[in-house]
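User: I would like to go through this model with you, one region at a time. Could you begin once it is on screen?

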Amino acid sequence: MTLRAVEEGTHNAPNVAQYTAQPQPVSNIVHKDSTQRASVLQHVSQNVRRLRHAADMSQATLAEKSGVSRRMLVAIEAGEKNVSLTTLDRVAEALDVAFSDLIQAPDNRDPSRINELAWAGSIPGSKAVLLSKATATREVEQWEWCLQPGEVYPSQPDADGWSEQIFVFAGCLTLMLGDQPQTIAAGEFFMFASNQPHSYRNDGDVATRFVRNVVI
């Protein structure tokens with residue numbers, strides 16, 4: 001899957017390293033024999049068909065625009081074909097929609113709570129889950145944070161249109177939005193508009209580690 005609009009910036013940090021992803025072989029979206037494949041392949045099938053009709057495109061036209069064979073598109077719309085993330089990215093671009101629009105449940109329109117399995121590897125436990133999405137007008141900053149027990153980081157409101165995505169992978173984070181606490185445990189994620197007073201707090205007795213994406 002092509003990562004669009006990911007550029008590390010300097011949100012309150014003087015030295016933020018740039019990282020350029022190197023091309024790697026791309027495996028398939030959830031395999032046909034996976035017990036988790038049914039829902040995501042059904043979502044892809046329904047969404048591609050619905051969005052193609054909405055764009056008033058035939059399968060032949062979509063095949064020409066995306067560079068994906070018509071035979072492949074027929075199989076995708078039937079929910080019968082393994083498909084790579086790169087192929088889905090090409091289909092999404094041809095339909096002028098986001099990648100997430102293809103794998104998200106058709107009845108789920110909340111971009112902050114997508115939580116869809118997008119890829120499963122050949123070794124059990126290898127997987128990629130799309131948690132949420134946000135529109136970026138300029139850039140996205142990716143941060144790794146560690147708060148020791150009792151630590152608090154207060155943050156001033158950001159500009160209108162900014163948002164933050166939090167994923168906790170160790171400990172437990174208390175996110176204060178104004179005077180309202182939001183507890184985010186390890187393995188959980190949360191997304192919020194950051195144009196409001198907010199702070200991060202570790203009320204536990206072990207270090208809290210989390211990834212914080214600032215969407216500008």
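**Helices, cores and strand pairs**

Analyst: Helix α3 is followed by Gly 79, whose phi is positive, near 70°. Helices (H or I, at least four residues) and strands (E, at least two) are DSSP runs, numbered from the N terminus. This is a predicted model, in which local features need pLDDT of at least 70 and side-chain atom pairs count only at pLDDT 80 or more, while totals for chains, interfaces and linings use all residues. Residues are numbered from 1 along each chain as its sequence is written, and side-chain values use heavy atoms, with hydrogens and water left out.

User: Which residues of α3 are buried?

Analyst: They are Leu 73, Ala 75, Ile 76 and Glu 77. Buried means under 20% relative accessible area, exposed over 50%, and partly exposed in between, with a 1.4 Å probe and protein chains only.

User: What is Ser 45 in contact with, leaving aside neighbours within four places in sequence?

Analyst: Ser 45, which lies in helix α1, is in contact with Ile 76, Glu 77, Ala 78 and Gly 79. Contact means heavy atoms within 4.5 Å. Ser 45 has a relative accessible area of 7% and is therefore buried.

User: How many salt bridges does the structure hold?

Analyst: There are five. Among them, Lys 133 pairs with Asp 101, the closest N and O atoms being 3.1 Å apart. That pair links distant parts of the chain, 32 residues apart: Lys 133 is in the loop between β2 (127–130) and β3 (140–147), and Asp 101 is in helix α5. Lys 133 is partly exposed at 26% relative accessibility, and Asp 101 is partly exposed at 25%. Another salt bridge joins Asp 203 to Arg 201, with the closest N and O atoms 2.8 Å apart.

User: Turning to the largest nonpolar core, how many residues has it?

Analyst: It has 25 residues, and those with the most contacts inside it include Val 48, Leu 62 and Leu 88. A nonpolar core is a set of buried Ala, Val, Leu, Ile, Met, Phe, Trp, Tyr and Cys residues joined through side-chain atoms within 4.5 Å. Helices α1 (37–54), α2 (59–66), α3 (70–77), α4 (85–95) and α5 (100–103) each supply at least two residues of this core. Helix α4 gives the most, with six residues.

User: And what does Leu 62 touch?

Analyst: Not counting residues up to four places away in sequence, Leu 62 touches Val 48, Arg 52, Met 57, Leu 73, Val 91, Ala 94 and Leu 95. There is also a second, separate core of 16 residues, which includes Trp 145, Leu 147, Ile 184 and Phe 190.

User: Now the strands. Which strand do four bridges join to β4?

Analyst: Strand β4 (residues 152–155) is joined by four bridges to β9 (residues 198–201), and the two run antiparallel. Two strands pair if DSSP finds at least two bridges between them. Tyr 153 stands opposite Tyr 200 in β9. Strand β6 (residues 172–177) also runs antiparallel to β9, with four bridges, and Leu 177 stands opposite His 198 there.

Technical notes
A salt bridge is a side-chain nitrogen of Lys or Arg within 4 Å of a carboxyl oxygen of Asp or Glu.
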